[in-house]
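Trainee: Could we go through this model together? I would like to start with how its parts pack.

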Amino acid sequence: MKSALMKSVYDRQSVEEFETSWDQLITTYNLPENAWLQSLYAEREHWVPAFLKYYFWVGMSTTQQSESMNAFFDGYVHAKTNLKEFVDQFDKVLKKKIENENVADFHSFSVTTPYISRSLIEKRFQELYTYFKFKEVQQQVTDLIDINPQLHKSNCAVKTYLVNDEVHLAEFTKLVTFSVDFSEEDSSAKCSCGLFQMRGILCRHILVVFRCNKIKFLPDIYILDRWRKDIKRQYTLIHSSYDAGEQ
């Protein structure tokens, strides 16, 4: 049952597939009255990947968001920190974050990561994105080399491709078929993997479909301001007590 439950939750790419698979699971194991499964199903929109993949999470799960906040204050506050100490320490944390951001910005402008293909799309990301975000894009460019999309159907100006890809998990690798809808009107595409929607990074499945359709220039909708190295982060403009100390 554990294997069937995991497949229902993590191997289904759409809400419809999840709902069908969940119903089959409940019927097969005769568990319509199981209180634990009922409670999980009632909260499915908050934890099942098929529901979450079209929301922007900057690549983090809810657990990782909590861990990120803990890391933000790590070494500055503890269980016995009072309110006044917290305010003082928050200023120090903010200053440190801004300093780290400035170092990262300097690195992005002073260090150029060579592109690994002749793709003008990769070159565009190299010109605009920060060092670390461009490295994420490059990983997708690297991984598309062995991918061969197959045209599944064509409806007016929209083509649907099926893309077989290996997904590497903690203990094993499995073959997954993703679906990419490509619009010939505006050269936009949407992939069932949901990487762009969740993390703001264009996936290799869309990139390889672009290549099949000879798309040379990247549509602006896929360039996010939050990853650009020429955009000043708003929190670096916040005034705090350490500013007064430096004046």
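Trainee: What sort of model is it, and how are residues numbered?

Mentor: It is a predicted model, in which local features need pLDDT of at least 70 and side-chain atom pairs count only at pLDDT 80 or more, while totals for chains, interfaces and linings use all residues. Residues are numbered from 1 along each chain as its sequence is written, and side-chain values use heavy atoms, with hydrogens and water left out.

Trainee: Back to α10: how many of its residues are buried?

Mentor: Seven of its nine residues are buried, so α10 is largely enclosed by the rest of the structure. Buried means under 20% relative accessible area, exposed over 50%, and partly exposed in between (1.4 Å probe, protein chains only). The buried residues are Arg204, His205, Ile206, Leu207, Val208, Val209 and Phe210.

Trainee: What do they pack against?

Mentor: They pack against α7 (120-128), α8 (131-143), β2, β3 and β4; contact means heavy atoms within 4.5 Å. Just after α10, lysine 214 has a positive phi of about 55 degrees.

Trainee: In what order do the strands of the sheet run?

Mentor: The sheet is open, with four strands in the order β1-β2-β3-β4 and antiparallel pairing. β1 (150-155) and β4 (189-191) are at the edges with a single partner strand each, so one side of each has no neighbour in the sheet. From one strand to the next, the twist averages 25 degrees.

Trainee: How many bridges join β2 and β3?

Mentor: Strand β2 (residues 158-168) and strand β3 (residues 173-183) pair in the antiparallel sense over eleven bridges. Two strands count as paired if DSSP finds at least two bridges between them. Tyrosine 161 stands opposite valine 180 in β3.

Trainee: And which residue stands opposite valine 158 in β2?

Mentor: Asparagine 155 does. β1 and β2 pair in the antiparallel sense over five bridges. Their hairpin has two residues between the strands, and cysteine 156 takes a positive phi near 55 degrees there.

Trainee: Changing topic, where is arginine 44?

Mentor: Arginine 44 is in the loop between α3 (35-42) and α4 (49-52). Its relative accessibility is 18%, and therefore it counts as buried. Its side chain reaches the backbone oxygen of tyrosine 41 at 2.8 Å. Leaving aside neighbours within four places in sequence, arginine 44 is in contact with Phe18, Glu19 and Phe51.

Trainee: Is lysine 123 buried, exposed or partly exposed?

Mentor: Lysine 123 is partly exposed, with a relative accessible area of 29%, and lies in helix α7. Lysine 123 and phenylalanine 217 are 94 residues apart in sequence and 9.9 Å apart in space, C-alpha to C-alpha.

Trainee: Which residues does UniProt list for a domain?

Mentor: The unreviewed UniProt entry lists residues 176-214 as "domain: SWIM-type". UniProt positions are given in the numbering used here, feature names are shortened, and annotations may be inferred rather than shown by experiment. Over residues 176-214 the chain is 36% helix and 28% strand.

Terms used. Polar contact = N/O pair within 3.5 Å; in protein donor to acceptor, adjacent residues only side chain to side chain. Axes fitted to C-alpha atoms, helices over the stretch in contact; angles between N-to-C directions.
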